[in-house]
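This briefing covers charged side-chain pairs and one further helix residue. The sequence and the structure come before the notes.

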Amino acid sequence: AAAEARLRAAGARVDAARAAYLPSVSLTAAFGRQSADLSRLMDAPSLVWSVVASLTQPLWDGGRIASAVEVSQARRLQAELDYRDAAATAFKEVRDALAAQDEARQSLALGQQRAQALLRAAELTRLRHEAGEASRLLLIEAERAALTVQAQNADTQRALVAAQVDLLRALGGGWQPVPETRAGEARRSPAS
């Protein structure tokens with residue numbers, strides 16, 4: 001949006017520089033008093049209005065106007081290139097944020113499946129340990145593996161949220177926190 005505003009301003013400056021080629025008209029008005037006799041100074045016929053119109057046109061300026069137009073056109077071109085760069089950067093940021101978000105979602109889904117499997121394996125190992133069929137070391141190893149995957153899922157969840165924030169930022173959006181509910185109170189959708 002800022003690059004677009006700069007581009008519009010540069011276009012207006014080009015138009016203003018070109019306008020210097022055209023003749024300009026200025027009107028001036030003066031109000032005064034005129035009287036040969038001091039005693040008649042305040043009479044109505046002594047009031048004088050003067051309206052002067054002047055027309056000026058540049059005859060020869062030594063290339064000053066042409067140079068000003070060229071400078072403003074160059075600045076407009078630079079503003080246009082800046083706008084294109086800003087748009088390309090914005091599209092790249094959106095594409096990258098969408099890709100990161102998609103990758104984090106897929107990783108999180110796979111990590112959650114893996115965590116469920118390892119939690120089930122740890123539970124089965126605990127049951128086998130209680131029955132005397134598995135050592136304490138096997139139980140500890142199974143629980144450690146399940147906890148490691150859960151920690152990795154927390155990192156993946158953080159990466160997903162960061163990608164969502166990056167996407168919002170790239171789209172120019174703001175952040176609105178979700179209202180918190182009291183403990184034990186279920187969240188309701190707006191449709192219900």
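Glu-4 is partly exposed, with a relative accessible area of 31%; partly exposed lies between buried, under 20% relative accessible area, and exposed, over 50%, using a 1.4 Å probe and protein chains only. Its salt-bridge partner is Arg-8, at 2.8 Å from N to O. The model is a predicted one, in which local features need pLDDT of at least 70, side-chain atom pairs count only at pLDDT 80 or more, and totals for chains, interfaces and linings use all residues. Residues are numbered from 1 along each chain as its sequence is written, and side-chain values use heavy atoms, with hydrogens and water left out.

**Salt bridges overall**
- The whole structure contains 9 salt bridges, a salt bridge being a side-chain nitrogen of Lys or Arg within 4 Å of a carboxyl oxygen of Asp or Glu.

**Helix α1**
- Helix α1 spans residues 2-19 and holds both Glu-4 and Arg-8; helices are DSSP runs of H or I with at least four residues, strands are E runs of at least two, and both are numbered from the N terminus.
- Glu-4 and Arg-8 are 4 residues apart, about one turn of the helix.
- Arg-8 is exposed, at a relative accessible area of 60%, whereas Glu-4 is partly exposed at 31%.

**Helix α2**
- Glu-123 and Arg-126 form a salt bridge, with their closest N and O atoms 2.4 Å apart.
- This pair sits in helix α2 with a spacing of 3 residues, about one helical turn.
- Both partners are partly exposed: Glu-123 has a relative accessible area of 30%, and Arg-126 has 27%.
- Arg-76, Glu-80 and Arg-84 belong to one network, joined by salt bridges that share partners.
- Glu-80 and Arg-76 lie 4 residues apart in helix α2 (residues 64-130), about one turn of the helix.
- Arg-76 counts as partly exposed, with 32% relative accessibility.

**Thr-156 in helix α3**
- Thr-156 belongs to helix α3, which covers residues 136-170.
- Its relative accessibility of 16% places Thr-156 in the buried class.
- Apart from neighbours within four places in sequence, Thr-156 is in contact (heavy atoms within 4.5 Å) with Ala-104, Ser-107 and Leu-108.
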